[in-house]
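User: I would like to go through this model term by term. For each label, I want the value and the cut-off behind it.

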Amino acid sequence: MPLLETRDLTRLFGGLAAVNGVDLTVDKGEIVGLIGPNGAGKTTCFNLLSGFLRPTRGSIVFDGEDITGLRPHQIAARGLVRTFQLTTLFQEMTALENVLLGLHLHSGKGPRQVLFSRRDFPADEIARGRDVLDFTGLAAHAHQLSRNLPHGHQRVLGIAMALAAEPRLLLLDEPVTGMNLDESGRVMDLVKTIRSRGTTILLVEHNMKAVMGTCERIVVLNFGRKLAEGTPSHVSTSPEVIQAYLGTGVAHA
Ligand SMILES: Nc1ncnc2c1ncn2[C@@H]1O[C@H](COP(=O)(O)OP(=O)(O)OP(=O)(O)O)[C@@H](O)[C@H]1O
Ligand SMILES: [Mg+2]
């Protein structure tokens, strides 16, 4: 049984089918890439999977349970957690506080409730938050305000916030965007380590080097539809995929 399975997943915005009839499966332990040109529907897919948007049509089954239409915190509580394409940190709070808030936001408390109670995190949660910072290489920055962190660290902190919720399936939306070669290499190593510790990964990324070097299987979206699917070498030599990327410059990024 796949860990994640969508059937006919569809989301319309007015007349536009942002995601159109997508059947997607992710098996436990995989790192699957979800790629496609700008506007192909990748982030909309993540919004549907994580409950931030309701599908117009179709179903989402996670670990054997139909989660279609559940709220984001209900989905996160089941172990399906996402990061955001644009980093959404609490800028005036420290890295550690952000991780602790991430833990609570995914647990279904409202942001206000979490912010209100932020001075009394129990010791076990603080220990867990520190573990996550250690693991993601941010331990030295635990008490720095997130707005003072360099861009690369802010992106990693976004991943750390998701990890605090102990996901079984982690959806990463462009984790290495705006990073240099060194930084992106380190983040992709982190992704592999996250997987080796038992978390399955679905990765949206335009950086082809990162995608091809990390994913075992790749699904290509174009205009909301699944265009191709297979191993990195299969999709990177597929004429349809090359055609879809022509002129975007992305294939060579
Ligand atoms: N809330 C919305 N309302 C209306 N249209 C939307 C909305 N969200 C996305 N779209 C449209 O749906 C299509 C798919 O957008 P989406 O953000 O999913 O693409 P993407 O593959 O993530 O692109 P990128 O690589 O640029 O991040 C686009 O045409 C976009 O303009
Ligand atoms: Mg996107």
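Analyst: A residue counts as exposed when its relative accessible area is over 50%, as buried when under 20%, and as partly exposed in between. This is a predicted model, and every label below is computed from it.

User: Why is E166 called exposed?

Analyst: E166 has a relative accessible area of 52%. The cut-off for exposed is over 50%, so E166 is exposed.

User: Where is E166, and what is its phi?

Analyst: E166 is found in the loop between α6 and β7 (169–173). Its phi is positive, about 50°, although E166 is not a glycine. This residue comes just after α6.

User: What makes α6 a largely enclosed helix?

Analyst: Twelve of its 14 residues are buried, so α6 is largely enclosed by the rest of the structure. Among the buried residues are G152, Q154, R155 and V156. The list also includes L157, G158, I159 and A160.

User: How do you know that the span of α6 agrees with its number of residues?

Analyst: Helix α6 covers residues 151–164. The expected span is 1.5 Å times one less than the number of residues. For the 14 residues of α6 that gives 20 Å, and the end C-alpha atoms are 20 Å apart, so the two agree.

User: What about α1: is it mostly covered or mostly open?

Analyst: Mostly covered: seven of the eight residues of α1 are buried. They are K42, T44, C45, F46, N47, L48 and L49. Just after α1, G51 takes a positive phi of about 85°.

User: Why is L49 called buried?

Analyst: Its relative accessible area is 0%. Buried means under 20%, so L49 is buried.

User: Which residues is L49 in contact with, beyond its neighbours within four places in sequence?

Analyst: L49 is in contact with L4, T6, L9, L24, I60, I67, I75, L80, L171 and L202. Contact here means heavy atoms within 4.5 Å. L49 itself is found in helix α1 (residues 42–49). The C-alpha atoms of L49 and S59, ten residues apart along the chain, are separated by 9.6 Å.

User: Are C45 and C215 buried or exposed, and how do you know?

Analyst: C45 has a relative accessible area of 1%. C215 is at 6%. The cut-off for buried is under 20%, so C45 is buried and C215 counts as buried.

User: What makes the F52 and F84 pair edge-to-face?

Analyst: The search of the whole structure finds one aromatic pair. The ring centres of F52 and F84 are 5.5 Å apart, and their planes are at 90°. Pairing needs centres within 6.5 Å, and edge-to-face needs planes over 60 degrees apart. F52 is in the loop between α1 and β4 (57–62), and F84 is in the loop between β6 (80–82) and α3 (95–105), 32 residues apart.

User: Why are F52 and F84 called partly exposed?

Analyst: F52 is at 43% relative accessibility, and F84 has a relative accessible area of 31%. Partly exposed lies between the buried and exposed cut-offs, 20% and 50%. So F52 counts as partly exposed, and F84 is partly exposed.

User: Which residue lies over the face of F52?

Analyst: R82, at 4.9 Å from the ring centre. Elsewhere, the charged end of R197 sits over the ring of F135, 3.7 Å from its centre. The distance limit for such a charge is 6 Å.

User: What makes T43 and Q85 donors of the magnesium ion?

Analyst: T43 (OG1) and Q85 (OE1) lie 2.0 to 2.2 Å from the magnesium ion (ligand 2). Donor atoms must be within 2.8 Å of the metal, so these are its protein donors. T43 lies in helix α1 and Q85 in the loop between β6 and α3, so the pair ties together parts that are 42 residues apart in sequence. T43 is partly exposed at 25%, and Q85 is partly exposed at 32%.

Methods: Residues numbered from 1 in each chain as written. Chains lettered and ligands numbered in written order. Predicted model: local features only at pLDDT ≥ 70, side-chain atom pairs only at ≥ 80, totals over all residues. Heavy atoms only, no water. Helix = DSSP H or I, 4+ residues; strand = E, 2+ residues; numbered from the N terminus. Buried < 20%, exposed > 50% of the residue type's maximum accessible area, 1.4 Å probe, protein only. Phe/Tyr/Trp six-rings, centres within 6.5 Å; stacked < 30°, edge-to-face > 60°. Lys NZ or Arg CZ within 6 Å of the ring centre and 35° of its normal. Donors = N, O, S within 2.8 Å, 3.2 Å for Na, K, Ca; no water.
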